[in-house]
Amino acid sequence: MCFYFVRGNSARCTRFTMEIQKLLSHYAKQPQLKALAKALENKRIKTVGIDGLAGSSCPLVFASIANRLQNPVVFILRDADEAGYFYHDLMQLGAPALFFPSSYKRAVKYGQRDAANEILRTEVLSALSSFGKTKAFIVW
């Protein structure tokens, strides 16, 4: 990654690397995320919406507070592609998550059941009933 710093008429590229865990811990220290974690743990609050995040910032925000949460969180996304990318980002960030796919091949186009997706759905429902380490469930 290269960041350009401009001073006067010259610009120079400064390269640096940051480990994912350091980035997550930096995010976790932000007061807004502490407030989000508190809201997610409040039993009287049933729905929390976050606006203004782009790209992989929402999985990054969740992954940074996942260790603080006692209860799982369900993410409802627009379509299968968006849900798949979200799931992949969470997995790359180390957040325990499960993907809840459709039980049909290509949604309901062909009307045939997809056995592999049914197994994944069963795994997600079992995890929901046991409240294990999984902190996020992604659906669309």
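This is a predicted model: local features need pLDDT of at least 70, side-chain atom pairs count only at pLDDT 80 or more; totals for chains, interfaces and linings use all residues.
Helix α3, which spans residues 57-65, is largely enclosed by the rest of the structure, because 9 of its 9 residues are buried. The buried residues are Ser57, Cys58, Pro59, Leu60, Val61, Phe62, Ala63, Ser64 and Ile65, a list in which the polar side chain of Ser64 is taken up again below. The elements against which these buried residues pack are the helices α1 (20-28), α2 (31-41) and α4 (80-92), together with the strands β3 (73-76) and β5 (136-139).

## Ser64 within the helix

Ser64 belongs to helix α3, and with a relative accessible area of 9% it counts as buried, since the cut-off for that class is under 20%. A polar atom of the Ser64 side chain lies 2.7 Å from the backbone oxygen of Val61, a residue that is itself among the buried residues of α3.

When residues up to four places away in sequence are left aside, Ser64 touches Leu24, Tyr27, Ala28 and Leu33.

## Strand β3 and its partner

Strand β3 runs parallel to β5, and the two are joined by 4 bridges. Within this pairing, the residue of β5 that stands opposite Phe75 is Ile138. Both β3 and β5 are also among the elements against which the buried residues of α3 pack.

## The salt bridge

The count of salt bridges in the model comes to 1, and the side chains that meet in it are those of Glu82 and Arg78, with a distance of 3.7 Å from N to O. The two partners fall into separate accessibility classes: Glu82, at 27% relative accessibility, counts as partly exposed, while Arg78, at 73% relative accessibility, counts as exposed.

## A nonpolar surface patch

Ile45, Val48, Ile50 and Leu53 make a nonpolar surface patch of about 290 Å². Of these residues, Leu53 is placed in the loop between α2 and α3, and its relative accessible area of 38% makes it partly exposed.

Note on methods
Residues are numbered from 1 along each chain as its sequence is written. Side-chain values use heavy atoms; hydrogens and water are left out. Buried means under 20% relative accessible area, exposed over 50%, partly exposed in between (1.4 Å probe, protein chains only). Contact means heavy atoms within 4.5 Å. A salt bridge is a side-chain nitrogen of Lys or Arg within 4 Å of a carboxyl oxygen of Asp or Glu. Two strands pair if DSSP finds at least two bridges between them. A polar contact is a pair of N or O atoms within 3.5 Å; within protein, one must be able to donate a hydrogen and the other to accept it, and residues adjacent in sequence count only if both atoms are side-chain atoms. Patches are made of residues with over 30% relative accessible area and no salt bridge: like charges are joined within 9 Å, nonpolar side chains (Val, Leu, Ile, Met, Phe, Trp, Tyr) within 5 Å. Accessible areas come from the Shrake-Rupley method with a 1.4 Å probe; for residues, only the protein chains shown count as cover.
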